[in-house]
Amino acid sequence: MTDDDVAGRITAFIKERFLDGDPRGELDERTPLLEWGVLNSLNTVVLLTFVRDELGVTVPPARINAQDLKNVQSIAGMVRGLASARS
């Protein structure tokens, strides 16, 4: 998984699943997902299920926090770090 692949797949998932495709193009890698209400408790579970099922990375409970879920960039960094730690 390259950095761009992870961020791109997460961005595409969030746009499609939570933002009706993001027709205005407002989402980028630094959009504050928690502040803007994109990630709430239910959406976070859906996103973490996507990460597990599609990217093959299980996020431990200790990593489910505001810092790691702040934006696509932080989520992708967490996913890459977890993936490399298990390799």
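The structure is a predicted model, in which local features need pLDDT of at least 70, side-chain atom pairs count only at pLDDT 80 or more, and totals for chains, interfaces and linings use all residues. Residues are numbered from 1 along each chain as its sequence is written, and side-chain values use heavy atoms, with hydrogens and water left out.

The protein chain contains 3 helices and 0 strands, and its elements follow the order α-α-α from the N terminus on. Helices (H or I, at least four residues) and strands (E, at least two) are DSSP runs, numbered from the N terminus. Along the principal axes, the C-alpha atoms fill a box of roughly 40 × 25 × 20 Å. The radius of gyration of the protein chain is 12 Å, which agrees with the value near 12 Å that a compact globule of 87 residues would have. This radius is taken over C-alpha atoms, and the globule rule is 2.2 Å times the number of residues to the power 0.38.

Of the 87 residues in the protein chain, 39% are buried. Here buried means under 20% relative accessible area, exposed means over 50%, and partly exposed lies in between (1.4 Å probe, protein chains only). Among contacts (heavy atoms within 4.5 Å) between residues at least 6 apart in sequence, 63% join residues at least 24 apart.

The loop between helix H1 (3-18) and helix H2 (41-55) includes Thr31. Thr31 has a relative accessible area of 3% and is therefore buried. A polar atom of the Thr31 side chain lies 3.4 Å from the backbone oxygen of Glu26. This is a polar contact, that is, a pair of N or O atoms within 3.5 Å; within protein, one must be able to donate a hydrogen and the other to accept it, and residues adjacent in sequence count only if both atoms are side-chain atoms. Apart from neighbours within four places in sequence, Thr31 is in contact with Glu26, Trp36, Lys70 and Asn71.

Two aspartates also belong to the loop between H1 and H2, namely Asp20 and Asp22. Asp20 is not a glycine, yet has a positive phi of about 50°; Asp22, likewise a residue other than glycine, has a positive phi near 55°. Asp20 counts as exposed because its relative accessibility is 72%, whereas Asp22, with a relative accessible area of 9%, is buried.

Within helix H2 lies Thr44, which counts as buried at 11% relative accessibility. The side chain of Thr44 reaches the backbone oxygen of Asn40 at 2.7 Å. When neighbours within four places in sequence are left aside, Thr44 is in contact with Leu39, Ile64 and Leu69.

The loop between H2 and helix H3 (72-86) holds Ala66. Ala66 counts as exposed, since its relative accessibility is 52%. Arg52 is 14 residues from Ala66 along the chain, and the C-alpha atoms of these two residues are separated by 19 Å.
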